[in-house]
Amino acid sequence: MIRNIFLAGASGAVGRRLAPLLVEAGYVVTGTTRSAEKAASLRQIGVEPAIVDVFDAEKLKSVVAEAGPDVIIHQLTDLPHGVSPAAMKDFISRNARIRSEGTANLVRAAKAAGVGRIIAQSIAWAYAPKTGVFIETDPLDLHADEPRATTVAGVAAMEQAVLNEPGMEGIVLRYGFFYGPGTGVDMPANPDLRVHVDAAASAALKAIERGASGAYNVTETDIVASSGKARNALGWDAAFRIDGRP
């Protein structure tokens with residue numbers, strides 16, 4: 001029986017919407033943050049906070065072992081909304097490092113703690129160009145030019161770490177562009193590749209106990225990338241909203 005969840009990135013855009021869903025569903029949740037102030041907010045909604053940096057491998061290993069989770073959900077990113085284009089290059093590099101080095105640390109901590117399943121946030125716009133709708137078996141754009149190359153390399157490293165760890169079930173959720181509460185976006189620049197942050201959170205909730213190892217597109221429409229696999233295998237509904245409104 002799955003009971004304990006370790007939510008890495010509990011104070012991020014998806015994490016903030018996912019954490020109360022997990023508590024409401026009856027899971028015991030440990031959520032990470034790097035901020036003492038945000039830790040207090042997590043505690044108020046019933047999440048046990050863990051103040052840890054994903055790059056501190058030894059502390060992360062200790063925190064995961066103490067939490068004793070059945071499942072780890074990886075929602076860590078480092079791309080704040082509203083950042084200027086001039087500063088975006090630095091954030092792209094930092095985000096790629098979280099996906100590569102940070103994920104590797106998290107997977108090692110999971111393995112040491114005997115965690116059986118890890119669910120990780122990825123993106124649905126890292127595919128190599130092609131004609132038609134993207135599906136999960138399409139290759140990533142590993143020969144892209146910069147700055148896209150940095151992003152795709154980070155995604156590839158993260159997905160390989162999550163999906164290829166022996167003895168662990170790995171699920172990768174390839175999200176579209178977020179919009180909704182806490183994202184700073186009412187509608188993304190590419191509305192054909194969008195996903196509401198509440199629906200994104202619900203996909204991670206569904207993946208705790210459903211779905212085989214592998215990648216799943218999680219987008220509101222099937223115009224650019226098909227999310228049929230997530231709908232069929234996870235029971236995901238793009239229309240889900242926490243407040244029940246469309």
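**Reading the sheet and its surroundings**

Reply: Ile171 stands opposite Gly214, a residue of strand 9. The model is predicted, so local features need pLDDT of at least 70 and side-chain atom pairs pLDDT 80 or more, while totals for chains, interfaces and linings use all residues. Residues are numbered from 1 along each chain as its sequence is written, and side-chain values use heavy atoms, without hydrogens and water.

Me: In which sense do strand 6 and strand 9 pair, and over how many bridges?

Reply: Strands of a sheet pair through backbone hydrogen bonds, either parallel or antiparallel. Strands here are DSSP runs of E with at least two residues, helices are runs of H or I with at least four, and both are numbered from the N terminus; two strands pair if DSSP finds at least two bridges between them. Strand 6 (residues 169-175) and strand 9 are parallel, with five bridges. Strand 5 also runs parallel to strand 6, and seven bridges join them; Ile123 has Tyr175 of strand 6 as its bridge partner.

Me: What is the strand order of the open sheet?

Reply: The open sheet has seven strands in the order 3-2-1-4-5-6-9, with parallel pairing. Its edges are strand 3 (48-51) and strand 9 (214-218), each of which pairs on one side only. From one strand to the next, the twist averages 20°. Helix 1 (residues 13-24) packs on this sheet, touching strand 1 (4-8), strand 2 (28-33), strand 4 (71-74), strand 5 (117-123) and strand 6, and its direction makes about 170° with that of strand 1. Helix 3 (residues 57-67) also packs on the sheet, touching strands 1, 2, 3 and 4, at about 155° to the direction of strand 1. Such angles run from 0 to 180 degrees between N-to-C directions, with axes fitted to C-alpha atoms, for helices over the stretch in contact; contact means heavy atoms within 4.5 Å.

Me: Is Ile171 buried or exposed?

Reply: Buried means under 20% relative accessible area, exposed over 50%, and partly exposed in between, with a 1.4 Å probe and protein chains only. Ile171, in strand 6, counts as buried because its relative accessibility is 0%. Six of the seven residues of strand 6 are buried, so the strand is largely enclosed by the rest of the structure.

Me: What does Asn105 contact, beyond its neighbours within four places in sequence?

Reply: Asn105 lies in helix 4 (residues 85-112) and is buried, with 5% relative accessible area. Its contacts beyond those neighbours are Val54, Phe55, Ala57 and Leu60.

Me: Which peptide bond is cis?

Reply: Most residues other than glycine have a negative phi, and most peptide bonds are trans. A cis bond joins Glu146 and Pro147, with omega about 5°. Pro147 is placed in the loop between strand 5 and helix 5.

Me: Which helix gives the most to the lining of the second largest pocket?

Reply: Rolling a probe the size of a water molecule over the atoms shows where empty space is left. Helix 5 (residues 148-163) gives the most, with four residues.
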